[in-house]
Amino acid sequence: MELTGEALKLAGAGIKNVAALLLAIKHEHYKLVGKTNAKTLAKDPSPAVVAPLKIADKGKFQKLARSFGLLYFIPRKKGDSSPMLNVVSNEANAAKLNAVFQAMGYPIPAKEVKEEPAAKKAIPRVPQERSLPGRGNGLKQTTEKSTDKPSVKNRLEALRAASDSMRSGPVKVKEHIR
């Protein structure tokens, strides 16, 4: 009886671990901490955070990042010989990234304060001049008839007159007889 109970407990724990593994594979969360690639970080909608790191401190950074549970990647072009690296993480891991850099003795970066420009007066949509009759400035508009377009009413009357002149005699109407 006791052996059966213990076997069931072990089987249940194993099934739980397999279910967690399958769920992680389904969501493609292969890596939750440590060095990763840009594709994995791009799945998280939070914006990226970039921090400069000296090449000499790369090994120490990797050990501390693993212990802090930081998810990051270090992009580097082939042939780049600059003494600095860029560590890229996301905003969700920014606190861990700052903690790693602080443990390494790097200064904590100051927050960038975005200054809002001074409030400007709104530009009016309609100039305040009284000489614009076509704009909706509240003044009574003068109705000027343009001479370049003929009136629709005049054209209609001309067509009716032409139609009446074409009818010279009585018009035959077909009547339907049953």
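These notebook entries record what I looked up in the structure.

**Entry 1. Basis.** I worked with a predicted model, in which local features need pLDDT of at least 70 and side-chain atom pairs count only at pLDDT 80 or more, while totals for chains, interfaces and linings use all residues. Residues are numbered from 1 along each chain as its sequence is written, and side-chain values use heavy atoms, with hydrogens and water left out.

**Entry 2. Overall composition.** I listed the secondary structure, taking helices (H or I, at least four residues) and strands (E, at least two) as DSSP runs numbered from the N terminus. The protein chain has 5 helices and 4 strands, in the order α-β-α-β-α-β-β-α-α from the N terminus. I then looked up burial, where buried means under 20% relative accessible area, exposed over 50% and partly exposed in between (1.4 Å probe, protein chains only). Of the 178 residues in the protein chain, 15% are buried. The accessible surface (Shrake-Rupley method, 1.4 Å probe; for residues, only the protein chains shown count as cover) comes to about 16,100 Å², and carbon and sulfur atoms account for 58% of this area. For contacts, I used heavy atoms within 4.5 Å. Among contacts between residues at least 6 apart in sequence, 67% join residues at least 24 apart.

**Entry 3. Helix α3.** Which residues of α3 are buried? In this helix, spanning residues 58-68, I found Phe61, Leu64 and Ala65 buried. Seen down the helix axis, the buried residues of α3 fall within an arc of 105°, so they line one face; the arc is that of the directions from the axis to the C-beta atoms. They pack against β2 (48-54), β3 (71-72), β4 (84-90) and α4 (94-104). On the other side of α3, I noted Lys63, Arg66 and Ser67 as exposed. Glycine 69 follows the helix and has a positive phi, near 75°.

Entry 4. I checked the pairing of β4, for which DSSP must find at least two bridges between two strands. β2 and β4 run antiparallel and are joined by 7 bridges; alanine 48 has asparagine 90 in β4 as its bridge partner. Because 5 of its 7 residues are buried, β4 is largely enclosed by the rest of the structure. In the loop between β4 and α4 I looked up asparagine 93, which counts as buried at 11% relative accessibility. Apart from neighbours within four places in sequence, asparagine 93 is in contact with Leu70 and Leu71.

**Entry 5. Salt bridges.** I searched for a side-chain nitrogen of Lys or Arg within 4 Å of a carboxyl oxygen of Asp or Glu, and the structure holds 2 salt bridges. One joins glutamate 6 and lysine 9, with the closest N and O atoms 4.0 Å apart. Both residues lie in helix α1, 3 residues apart, about one turn of the helix. Glutamate 6 is partly exposed at 46%, whereas lysine 9 is exposed at 59%. Arginine 76 and aspartate 80 also form a salt bridge (3.9 Å, N to O). Arginine 76 is partly exposed at 36%, as is aspartate 80 at 38%.

**Entry 6. Nonpolar surface patch.** Patches are made of residues with over 30% relative accessible area and no salt bridge; like charges are joined within 9 Å, and nonpolar side chains (Val, Leu, Ile, Met, Phe, Trp, Tyr) within 5 Å. I found that Val18, Leu21, Leu22 and Ile25 make a nonpolar patch of about 370 Å². Leucine 22 is found in helix α1 (residues 2-26) and is exposed, with a relative accessible area of 52%.
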